[in-house]
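Hello,

Here is the structure I promised to pass along.

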Amino acid sequence: MVRICLDKALDKYNISRYELAKRTGIQYQIIDNYYKNKVKRYDSFVLERICVALNCDIKEIIEFIKK
């Protein structure tokens with residue numbers, strides 16, 4: 001199972017969802033959906049913008065959980 005762990009990354013970098021939306025230029029609702037893991041298909045553009053805004057690696061916002 002693939003899970004977005006944006007909540008952990010935002011806590012680590014002390015950034016709110018609103019601030020991330022501003023930095024990425026992505027609508028708050030989309031950021032909120034990623035934050036709440038309501039996304040079924042991940043958009044590489046969105047993930048890239050999040051990584052650039054947080055100055056982090058993709059491994060910090062996505063985790064793979066074996067069942």
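Predicted model: local features only at pLDDT ≥ 70, side-chain atom pairs only at ≥ 80, totals over all residues.

Helix H4 spans residues 44-54, and its buried residues are Val-46, Leu-47, Ile-50, Cys-51, Ala-53 and Leu-54. Because they cover an arc of only 165 degrees around the axis, they sit on the same side of H4. The other side of H4 carries the exposed residues Ser-44, Glu-48 and Val-52. What do the buried residues of H4 pack against? Their partners are strands E1 (2-4) and E2 (62-64), together with helices H1 (6-13), H2 (17-24) and H3 (28-35).

Both ends of this helix are worth a look in your viewer. At the start of H4, Asp-43 brings a side-chain oxygen to within 2.8 Å of the backbone nitrogen of Phe-45. Just after H4, Asn-55 has a positive phi of about 55 degrees.

In the loop between H3 and H4 you will find Lys-40. Lys-40 is exposed, since its relative accessible area is 75% and the cut-off for exposed is over 50%.

Now for the rings. There is one aromatic pair in the structure. It is formed by Tyr-34 and Tyr-42, whose ring centres are 6.2 Å apart and whose planes meet at 45 degrees, so the pair is tilted. Tyr-34 counts as buried, at 3% relative accessibility, whereas Tyr-42 is partly exposed, at 30%. Elsewhere, Arg-17 lies over the face of Tyr-35, 4.2 Å from the ring centre.

Best wishes

How values were computed:
Residues numbered from 1 in each chain as written. Heavy atoms only, no water. Buried < 20%, exposed > 50% of the residue type's maximum accessible area, 1.4 Å probe, protein only. Helix = DSSP H or I, 4+ residues; strand = E, 2+ residues; numbered from the N terminus. Arc of directions from axis to C-beta. Contact = heavy atoms within 4.5 Å. Polar contact = N/O pair within 3.5 Å; in protein donor to acceptor, adjacent residues only side chain to side chain. Phe/Tyr/Trp six-rings, centres within 6.5 Å; stacked < 30°, edge-to-face > 60°. Lys NZ or Arg CZ within 6 Å of the ring centre and 35° of its normal.
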